[in-house]
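Dear colleague,

I am handing over the structure we discussed, and below it you will find notes on what was found. Please read them with the model open beside you.

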Amino acid sequence: MELISLSPWDLALAALLVLAVAGCSLATRLGIARDLIIAAVRTAAQLALVGLVLEVVFARGDLIWVAAMALVMLLLAGREAAARQKRRFTGGWSFGAGTLAMFLSSFVTTILALLVIIRVRPWYEPQYAIPLLGMLLGNTMTGIALGMDRLTQGAWDRRAVVETKLALGSTADEAINDLKRESMRAGMIPMLNAMAAAGIISLPGMMTGQILAGSPPWEAVKYQILIMFLIAAGTGFGTMAAVWLGARRLFDERDRLRLDRLK
Amino acid sequence: MLRVEGLQVRHVGPASFSVSAGECVGLSGPSGSGKTLLLRAIADLEAHDGQCLLDGTAAHAMPPSQWRGQVGYLAAESAWWHDTVAPHFPNHTPDNLADLGFKPEVMQWSVARLSTGERQRLALLRLLAGKPRVLLLDEPTANLDAGNSRAMEGVLARYQSEQNAALLWVAHDTDQLKRVATRSTTLSTGGQLTWN
(Lines give C-alpha, C1' and ligand atoms only; values in the text may rest on other atoms or scores of the structure.)
Protein backbone atom coordinates (compact mmCIF):
# COMPACT_ATOMS: atom_id res chain seq x y z
CA MET A 1 0.00 0.00 0.00
CA GLU A 2 1.31 3.45 -0.96
CA LEU A 3 1.18 6.53 1.22
CA ILE A 4 -1.21 9.00 -0.45
CA SER A 5 0.30 12.47 -0.22
CA LEU A 6 -2.11 15.23 0.81
CA SER A 7 -2.27 18.36 -1.34
CA PRO A 8 -2.89 21.85 0.10
CA TRP A 9 -6.31 21.59 -1.55
CA ASP A 10 -7.12 18.49 0.57
CA LEU A 11 -6.25 20.37 3.75
CA ALA A 12 -8.28 23.36 2.62
CA LEU A 13 -11.32 21.09 2.29
CA ALA A 14 -10.82 19.89 5.87
CA ALA A 15 -10.44 23.51 6.97
CA LEU A 16 -13.83 24.24 5.37
CA LEU A 17 -15.36 21.79 7.85
CA VAL A 18 -13.88 23.77 10.75
CA LEU A 19 -15.23 26.98 9.21
CA ALA A 20 -18.64 25.31 8.93
CA VAL A 21 -18.62 24.51 12.66
CA ALA A 22 -17.54 28.09 13.39
CA GLY A 23 -20.43 29.32 11.23
CA CYS A 24 -22.92 27.19 13.14
CA SER A 25 -21.45 28.40 16.39
CA LEU A 26 -21.93 32.01 15.30
CA ALA A 27 -25.51 31.35 14.24
CA THR A 28 -26.39 29.67 17.54
CA ARG A 29 -24.29 32.10 19.65
CA LEU A 30 -22.21 29.41 21.28
CA GLY A 31 -19.48 31.99 21.59
CA ILE A 32 -16.61 29.73 20.63
CA ALA A 33 -16.26 30.65 16.95
CA ARG A 34 -13.31 32.95 17.61
CA ASP A 35 -11.50 30.46 19.87
CA LEU A 36 -12.10 27.72 17.35
CA ILE A 37 -10.60 29.68 14.46
CA ILE A 38 -7.62 30.75 16.55
CA ALA A 39 -7.01 27.18 17.70
CA ALA A 40 -7.25 25.87 14.14
CA VAL A 41 -4.80 28.49 12.86
CA ARG A 42 -2.45 27.70 15.76
CA THR A 43 -2.56 23.99 14.97
CA ALA A 44 -1.73 24.60 11.33
CA ALA A 45 1.05 27.10 12.09
CA GLN A 46 2.65 25.10 14.92
CA LEU A 47 2.59 21.83 13.04
CA ALA A 48 3.91 23.45 9.86
CA LEU A 49 6.77 24.94 11.85
CA VAL A 50 7.53 21.61 13.51
CA GLY A 51 7.37 19.95 10.09
CA LEU A 52 9.98 22.33 8.75
CA VAL A 53 12.25 21.75 11.75
CA LEU A 54 11.81 17.99 11.53
CA GLU A 55 12.69 18.04 7.82
CA VAL A 56 15.96 19.76 8.70
CA VAL A 57 16.73 17.51 11.67
CA PHE A 58 15.91 14.36 9.71
CA ALA A 59 18.06 15.54 6.79
CA ARG A 60 21.07 16.23 9.02
CA GLY A 61 20.55 13.30 11.36
CA ASP A 62 23.49 14.30 13.67
CA LEU A 63 23.35 13.72 17.40
CA ILE A 64 23.81 17.43 18.06
CA TRP A 65 20.68 18.34 16.07
CA VAL A 66 18.62 15.64 17.73
CA ALA A 67 19.89 16.70 21.16
CA ALA A 68 19.09 20.36 20.47
CA MET A 69 15.58 19.45 19.35
CA ALA A 70 15.12 17.24 22.42
CA LEU A 71 16.24 20.06 24.71
CA VAL A 72 13.78 22.53 23.18
CA MET A 73 10.98 19.97 23.53
CA LEU A 74 11.92 19.36 27.16
CA LEU A 75 11.94 23.05 28.06
CA LEU A 76 8.62 23.70 26.33
CA ALA A 77 7.08 20.70 28.10
CA GLY A 78 8.46 21.97 31.43
CA ARG A 79 6.95 25.38 30.85
CA GLU A 80 3.59 23.90 29.89
CA ALA A 81 3.54 21.58 32.92
CA ALA A 82 4.21 24.54 35.21
CA ALA A 83 1.59 26.71 33.49
CA ARG A 84 -1.11 24.11 34.10
CA GLN A 85 -0.68 24.29 37.88
CA LYS A 86 -2.96 26.68 39.69
CA ARG A 87 -0.68 27.24 42.68
CA ARG A 88 2.90 27.25 41.53
CA PHE A 89 6.06 27.37 43.59
CA THR A 90 7.79 30.73 43.58
CA GLY A 91 11.21 31.20 42.04
CA GLY A 92 10.69 28.81 39.13
CA TRP A 93 10.64 25.73 41.37
CA SER A 94 7.58 24.29 39.64
CA PHE A 95 9.28 24.59 36.27
CA GLY A 96 12.54 23.25 37.69
CA ALA A 97 11.05 20.25 39.48
CA GLY A 98 8.80 19.36 36.53
CA THR A 99 11.57 19.70 33.98
CA LEU A 100 14.03 17.69 36.04
CA ALA A 101 11.47 14.94 36.63
CA MET A 102 10.61 14.87 32.92
CA PHE A 103 14.25 14.78 31.97
CA LEU A 104 14.93 11.87 34.31
CA SER A 105 11.95 9.81 33.28
CA SER A 106 11.34 10.61 29.60
CA PHE A 107 14.95 10.77 28.50
CA VAL A 108 16.00 7.64 30.35
CA THR A 109 12.98 5.70 29.07
CA THR A 110 13.47 6.89 25.48
CA ILE A 111 17.19 6.13 25.44
CA LEU A 112 16.57 2.74 26.99
CA ALA A 113 13.97 1.95 24.33
CA LEU A 114 16.26 3.08 21.51
CA LEU A 115 19.31 1.22 22.76
CA VAL A 116 17.88 -1.95 24.22
CA ILE A 117 14.42 -2.55 22.76
CA ILE A 118 14.26 -1.12 19.23
CA ARG A 119 18.06 -1.25 18.79
CA VAL A 120 18.01 1.28 15.98
CA ARG A 121 21.40 2.34 14.56
CA PRO A 122 22.59 4.96 15.23
CA TRP A 123 20.62 4.99 18.47
CA TYR A 124 19.71 8.68 18.06
CA GLU A 125 18.18 8.14 14.59
CA PRO A 126 15.71 11.09 14.56
CA GLN A 127 12.96 9.12 12.81
CA TYR A 128 12.68 7.01 15.97
CA ALA A 129 14.11 9.22 18.69
CA ILE A 130 12.03 12.36 18.13
CA PRO A 131 8.52 10.83 17.92
CA LEU A 132 9.23 8.51 20.86
CA LEU A 133 10.51 11.33 23.02
CA GLY A 134 7.65 13.55 21.94
CA MET A 135 5.01 11.06 22.96
CA LEU A 136 6.71 10.36 26.27
CA LEU A 137 7.16 14.05 27.09
CA GLY A 138 3.56 14.84 26.18
CA ASN A 139 2.15 12.19 28.48
CA THR A 140 4.63 12.69 31.30
CA MET A 141 3.89 16.40 31.19
CA THR A 142 0.20 15.73 31.82
CA GLY A 143 0.99 13.41 34.72
CA ILE A 144 3.40 15.84 36.33
CA ALA A 145 1.06 18.80 35.91
CA LEU A 146 -1.86 16.89 37.48
CA GLY A 147 0.25 15.46 40.31
CA MET A 148 1.89 18.76 41.24
CA ASP A 149 -1.39 20.61 40.97
CA ARG A 150 -3.02 18.20 43.40
CA LEU A 151 -0.07 18.43 45.76
CA THR A 152 0.14 22.21 45.99
CA GLN A 153 -3.61 22.73 46.03
CA GLY A 154 -3.99 19.98 48.64
CA ALA A 155 -1.32 21.47 50.88
CA TRP A 156 -3.01 24.85 50.59
CA ASP A 157 -6.48 23.51 51.41
CA ARG A 158 -5.36 21.14 54.15
CA ARG A 159 -2.86 23.35 55.86
CA ALA A 160 -4.55 22.89 59.23
CA VAL A 161 -4.39 19.10 58.97
CA VAL A 162 -0.74 19.04 57.95
CA GLU A 163 0.25 21.48 60.69
CA THR A 164 -1.76 19.63 63.33
CA LYS A 165 0.10 16.45 62.46
CA LEU A 166 3.38 18.35 62.76
CA ALA A 167 2.30 19.83 66.08
CA LEU A 168 1.56 16.33 67.37
CA GLY A 169 5.13 15.31 66.62
CA SER A 170 4.97 13.93 63.07
CA THR A 171 7.85 14.45 60.69
CA ALA A 172 7.23 16.37 57.46
CA ASP A 173 7.24 13.06 55.57
CA GLU A 174 4.57 11.58 57.81
CA ALA A 175 2.48 14.74 57.68
CA ILE A 176 2.43 14.96 53.87
CA ASN A 177 2.39 11.24 53.07
CA ASP A 178 -1.35 10.89 52.40
CA LEU A 179 -1.34 13.88 50.11
CA LYS A 180 1.77 12.68 48.34
CA ARG A 181 0.22 9.33 47.51
CA GLU A 182 -3.01 10.99 46.41
CA SER A 183 -1.08 13.33 44.10
CA MET A 184 0.93 10.52 42.54
CA ARG A 185 -2.26 8.60 41.89
CA ALA A 186 -3.92 11.67 40.35
CA GLY A 187 -0.98 12.07 37.97
CA MET A 188 -1.09 8.45 36.83
CA ILE A 189 -4.83 8.04 36.33
CA PRO A 190 -4.95 9.38 32.72
CA MET A 191 -2.25 6.88 31.77
CA LEU A 192 -4.14 4.02 33.46
CA ASN A 193 -7.32 5.04 31.68
CA ALA A 194 -5.56 5.24 28.33
CA MET A 195 -4.14 1.75 28.78
CA ALA A 196 -7.49 0.32 29.83
CA ALA A 197 -9.34 1.95 26.92
CA ALA A 198 -6.71 1.24 24.27
CA GLY A 199 -8.20 -0.55 21.28
CA ILE A 200 -11.64 -1.00 22.81
CA ILE A 201 -12.90 2.53 23.12
CA SER A 202 -10.24 4.36 21.16
CA LEU A 203 -7.74 3.43 18.48
CA PRO A 204 -4.56 5.10 19.72
CA GLY A 205 -3.36 7.96 17.53
CA MET A 206 0.07 6.59 16.81
CA MET A 207 -1.27 3.23 15.69
CA THR A 208 -3.86 4.90 13.49
CA GLY A 209 -1.11 7.03 11.95
CA GLN A 210 1.08 4.03 11.22
CA ILE A 211 -1.79 2.14 9.62
CA LEU A 212 -2.67 5.19 7.50
CA ALA A 213 0.97 5.39 6.48
CA GLY A 214 0.81 1.82 5.20
CA SER A 215 2.15 -0.31 8.07
CA PRO A 216 0.58 -3.72 8.51
CA PRO A 217 -1.83 -3.50 11.49
CA TRP A 218 0.09 -6.11 13.44
CA GLU A 219 3.33 -4.09 13.27
CA ALA A 220 1.42 -0.96 14.28
CA VAL A 221 -0.10 -2.82 17.23
CA LYS A 222 3.29 -3.97 18.47
CA TYR A 223 4.65 -0.44 18.33
CA GLN A 224 1.56 0.85 20.12
CA ILE A 225 1.99 -1.66 22.93
CA LEU A 226 5.63 -0.68 23.25
CA ILE A 227 4.69 2.99 23.39
CA MET A 228 1.98 2.38 25.98
CA PHE A 229 4.43 0.59 28.25
CA LEU A 230 7.05 3.29 27.80
CA ILE A 231 4.46 5.96 28.56
CA ALA A 232 3.38 4.05 31.67
CA ALA A 233 6.99 3.90 32.86
CA GLY A 234 7.79 7.51 31.93
CA THR A 235 4.62 8.95 33.44
CA GLY A 236 4.91 6.81 36.55
CA PHE A 237 8.51 7.64 37.34
CA GLY A 238 8.10 11.27 36.23
CA THR A 239 5.07 11.87 38.42
CA MET A 240 6.67 10.18 41.42
CA ALA A 241 9.85 12.22 41.03
CA ALA A 242 8.02 15.52 40.56
CA VAL A 243 5.65 14.98 43.50
CA TRP A 244 8.56 13.89 45.69
CA LEU A 245 10.54 17.00 44.79
CA GLY A 246 7.49 19.21 45.28
CA ALA A 247 6.70 17.68 48.68
CA ARG A 248 10.28 18.36 49.80
CA ARG A 249 9.98 21.96 48.69
CA LEU A 250 6.77 22.43 50.73
CA PHE A 251 8.81 22.11 53.93
CA ASP A 252 11.99 23.76 55.13
CA GLU A 253 14.88 22.26 57.06
CA ARG A 254 12.89 22.49 60.31
CA ASP A 255 9.90 20.60 58.82
CA ARG A 256 7.79 23.74 58.74
CA LEU A 257 5.04 23.87 56.10
CA ARG A 258 6.10 26.77 53.85
CA LEU A 259 3.01 27.83 51.93
CA ASP A 260 4.75 31.18 51.38
CA ARG A 261 6.71 29.31 48.74
CA LEU A 262 3.51 29.02 46.68
CA LYS A 263 2.08 31.79 44.54
CA MET B 1 11.94 24.33 81.75
CA LEU B 2 10.93 26.29 78.60
CA ARG B 3 13.12 29.29 77.90
CA VAL B 4 12.43 31.76 75.10
CA GLU B 5 15.35 34.01 74.11
CA GLY B 6 14.99 37.01 71.82
CA LEU B 7 12.20 35.34 69.88
CA GLN B 8 11.11 37.47 66.95
CA VAL B 9 8.54 36.55 64.35
CA ARG B 10 7.27 39.23 61.97
CA HIS B 11 6.03 42.17 64.11
CA VAL B 12 6.13 40.21 67.39
CA GLY B 13 9.06 40.42 69.78
CA PRO B 14 11.86 40.25 70.49
CA ALA B 15 10.40 38.34 73.43
CA SER B 16 12.37 36.67 76.23
CA PHE B 17 10.82 34.76 79.13
CA SER B 18 10.69 31.36 80.66
CA VAL B 19 8.04 29.01 81.99
CA SER B 20 9.05 26.67 84.81
CA ALA B 21 7.98 23.08 85.23
CA GLY B 22 4.55 22.90 86.86
CA GLU B 23 3.85 26.54 86.10
CA CYS B 24 1.07 28.08 84.00
CA VAL B 25 1.72 31.43 82.36
CA GLY B 26 -1.24 33.37 80.92
CA LEU B 27 -0.97 35.34 77.72
CA SER B 28 -3.58 37.83 76.58
CA GLY B 29 -3.73 40.78 74.23
CA PRO B 30 -5.88 42.38 71.55
CA SER B 31 -6.87 40.45 68.43
CA GLY B 32 -4.15 40.62 65.82
CA SER B 33 -1.40 41.33 68.33
CA GLY B 34 0.26 38.05 67.37
CA LYS B 35 -0.49 35.67 70.25
CA THR B 36 -1.03 32.75 67.89
CA LEU B 37 2.06 33.70 65.92
CA LEU B 38 4.11 33.64 69.12
CA LEU B 39 2.85 30.18 70.10
CA ARG B 40 3.45 28.87 66.58
CA ALA B 41 6.99 30.22 66.62
CA ILE B 42 7.70 28.50 69.95
CA ALA B 43 6.35 25.26 68.48
CA ASP B 44 8.72 25.93 65.55
CA LEU B 45 5.89 25.93 63.05
CA GLU B 46 6.79 29.47 62.01
CA ALA B 47 10.20 30.67 60.81
CA HIS B 48 11.62 33.02 63.46
CA ASP B 49 14.71 34.71 64.90
CA GLY B 50 15.98 33.98 68.39
CA GLN B 51 15.75 30.61 70.02
CA CYS B 52 13.71 28.43 72.36
CA LEU B 53 15.22 25.94 74.77
CA LEU B 54 13.80 23.00 76.67
CA ASP B 55 15.80 22.20 79.80
CA GLY B 56 18.73 24.05 78.26
CA THR B 57 18.62 22.22 74.92
CA ALA B 58 17.87 24.46 71.96
CA ALA B 59 15.13 23.50 69.50
CA HIS B 60 17.54 23.43 66.60
CA ALA B 61 19.73 20.93 68.46
CA MET B 62 17.07 18.26 68.10
CA PRO B 63 14.95 16.97 65.18
CA PRO B 64 11.87 19.18 64.70
CA SER B 65 9.47 16.28 65.30
CA GLN B 66 11.12 15.60 68.66
CA TRP B 67 10.81 19.27 69.67
CA ARG B 68 7.14 19.44 68.71
CA GLY B 69 6.45 16.14 70.42
CA GLN B 70 7.64 17.69 73.67
CA VAL B 71 6.40 21.24 73.13
CA GLY B 72 2.78 20.51 72.24
CA TYR B 73 0.78 23.20 70.47
CA LEU B 74 -3.01 23.19 70.59
CA ALA B 75 -4.42 25.29 67.72
CA ALA B 76 -7.55 27.36 68.29
CA GLU B 77 -9.35 25.36 65.62
CA SER B 78 -8.80 21.63 65.61
CA ALA B 79 -8.15 19.66 62.43
CA TRP B 80 -9.14 16.05 61.79
CA TRP B 81 -8.26 13.75 58.92
CA HIS B 82 -9.72 10.28 59.59
CA ASP B 83 -13.44 9.55 59.33
CA THR B 84 -13.86 8.48 62.96
CA VAL B 85 -12.32 9.68 66.19
CA ALA B 86 -10.39 6.53 67.18
CA PRO B 87 -7.64 6.49 64.50
CA HIS B 88 -6.54 9.95 65.67
CA PHE B 89 -5.44 8.31 68.91
CA PRO B 90 -2.83 5.85 67.61
CA ASN B 91 -1.86 4.28 70.91
CA HIS B 92 -4.98 3.64 72.93
CA THR B 93 -8.21 5.14 74.16
CA PRO B 94 -7.35 8.03 76.48
CA ASP B 95 -8.27 7.31 80.12
CA ASN B 96 -9.47 10.87 80.79
CA LEU B 97 -12.45 10.84 78.36
CA ALA B 98 -14.93 10.93 81.24
CA ASP B 99 -13.30 14.03 82.73
CA LEU B 100 -14.44 16.00 79.68
CA GLY B 101 -17.90 14.43 79.64
CA PHE B 102 -17.34 11.78 76.96
CA LYS B 103 -18.38 8.14 77.03
CA PRO B 104 -16.00 5.54 75.55
CA GLU B 105 -18.34 5.23 72.52
CA VAL B 106 -17.12 8.62 71.35
CA MET B 107 -14.12 6.90 69.83
CA GLN B 108 -16.41 5.24 67.25
CA TRP B 109 -18.19 8.49 66.35
CA SER B 110 -17.69 10.05 62.95
CA VAL B 111 -15.76 13.29 63.09
CA ALA B 112 -18.29 15.02 60.83
CA ARG B 113 -20.93 14.57 63.57
CA LEU B 114 -18.91 16.29 66.28
CA SER B 115 -19.73 19.85 67.29
CA THR B 116 -16.99 22.48 67.36
CA GLY B 117 -16.85 22.26 71.14
CA GLU B 118 -16.61 18.46 71.13
CA ARG B 119 -13.79 18.65 68.62
CA GLN B 120 -11.98 21.18 70.74
CA ARG B 121 -12.20 18.99 73.84
CA LEU B 122 -11.12 15.87 71.94
CA ALA B 123 -8.25 17.79 70.35
CA LEU B 124 -6.91 18.51 73.85
CA LEU B 125 -7.11 14.83 74.78
CA ARG B 126 -5.34 13.96 71.52
CA LEU B 127 -2.54 16.36 72.36
CA LEU B 128 -2.22 15.15 75.96
CA ALA B 129 -2.06 11.52 74.78
CA GLY B 130 1.42 12.28 73.40
CA LYS B 131 2.50 13.44 76.90
CA PRO B 132 4.18 16.70 75.87
CA ARG B 133 6.15 18.41 78.62
CA VAL B 134 5.15 21.91 77.56
CA LEU B 135 1.63 22.90 76.47
CA LEU B 136 1.07 25.89 74.21
CA LEU B 137 -2.68 26.45 74.41
CA ASP B 138 -4.37 28.80 71.95
CA GLU B 139 -7.74 29.75 73.45
CA PRO B 140 -8.47 26.18 74.49
CA THR B 141 -11.96 26.95 75.84
CA ALA B 142 -13.09 29.53 73.25
CA ASN B 143 -16.02 27.47 71.92
CA LEU B 144 -17.10 25.92 75.22
CA ASP B 145 -19.89 26.75 77.66
CA ALA B 146 -19.03 27.59 81.26
CA GLY B 147 -19.40 24.00 82.48
CA ASN B 148 -17.16 22.50 79.82
CA SER B 149 -14.66 25.32 80.26
CA ARG B 150 -14.33 24.43 83.94
CA ALA B 151 -13.95 20.73 83.09
CA MET B 152 -11.20 21.59 80.62
CA GLU B 153 -9.45 23.76 83.21
CA GLY B 154 -9.63 20.84 85.64
CA VAL B 155 -8.09 18.38 83.17
CA LEU B 156 -5.31 20.83 82.37
CA ALA B 157 -4.61 21.61 86.03
CA ARG B 158 -4.27 17.92 86.78
CA TYR B 159 -1.97 17.33 83.80
CA GLN B 160 0.11 20.31 84.92
CA SER B 161 0.64 18.94 88.40
CA GLU B 162 0.83 15.21 87.59
CA GLN B 163 3.24 15.59 84.67
CA ASN B 164 4.94 18.65 86.15
CA ALA B 165 4.25 20.31 82.80
CA ALA B 166 4.82 23.93 81.79
CA LEU B 167 1.77 25.69 80.33
CA LEU B 168 1.53 28.82 78.20
CA TRP B 169 -2.17 29.65 78.00
CA VAL B 170 -3.60 32.19 75.56
CA ALA B 171 -7.07 33.53 76.44
CA HIS B 172 -9.19 36.62 75.92
CA ASP B 173 -10.95 35.95 79.19
CA THR B 174 -8.72 37.54 81.82
CA ASP B 175 -10.86 36.10 84.62
CA GLN B 176 -9.99 32.64 83.38
CA LEU B 177 -6.29 33.51 83.31
CA LYS B 178 -6.55 34.75 86.90
CA ARG B 179 -7.95 31.34 87.84
CA VAL B 180 -5.48 29.13 86.00
CA ALA B 181 -2.24 31.09 85.62
CA THR B 182 0.44 31.76 88.20
CA ARG B 183 1.42 34.92 86.35
CA SER B 184 0.28 36.68 83.21
CA THR B 185 1.61 38.78 80.41
CA THR B 186 -0.01 40.95 77.76
CA LEU B 187 1.04 41.23 74.15
CA SER B 188 0.56 44.74 72.75
CA THR B 189 -0.43 45.51 69.16
CA GLY B 190 3.21 46.52 68.65
CA GLY B 191 4.23 42.99 69.53
CA GLN B 192 5.81 43.68 72.93
CA LEU B 193 5.16 41.68 76.11
CA THR B 194 4.20 43.47 79.32
CA TRP B 195 4.25 41.41 82.52
CA ASN B 196 1.44 42.03 84.99
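Of the 196 residues of chain B, 40% count as buried, where buried requires 20 or more other C-beta atoms, placed from the backbone, within 10 Å of the residue's own. This is a predicted model, in which local features need pLDDT of at least 70 and side-chain atom pairs count only at pLDDT 80 or more, while totals for chains, interfaces and linings use all residues. Residues are numbered from 1 along each chain as its sequence is written, and chains are lettered from A in the order in which they are written.

The radius of gyration of chain B, taken over C-alpha atoms, is 16 Å, which agrees with the value near 16 Å for a compact globule of 196 residues, the rule being 2.2 Å times the number of residues to the power 0.38. The C-alpha atoms of chain B fill a box of roughly 45 × 35 × 30 Å along the principal axes. Among contacts in chain B with a separation of 6 or more, 73% join residues 24 or more positions apart, a contact meaning C-beta atoms, placed from the backbone, within 7 Å.

Between the chains, 14 residues of chain A are in contact with 17 residues of chain B. The chain A side of this contact divides into 5 nonpolar, 4 polar and 5 charged residues, with Ala, Val, Leu, Ile, Met, Phe, Trp, Tyr, Cys and Pro counted as nonpolar, Asp, Glu, Lys and Arg as charged, and the others, Gly among them, as polar.

Conventions: A residue is buried if 20 or more other C-beta atoms lie within 10 Å of its own, exposed if 12 or fewer, and partly exposed in between; C-beta atoms are placed from the backbone. Two residues are in contact if their C-beta atoms, placed from the backbone, lie within 7 Å.
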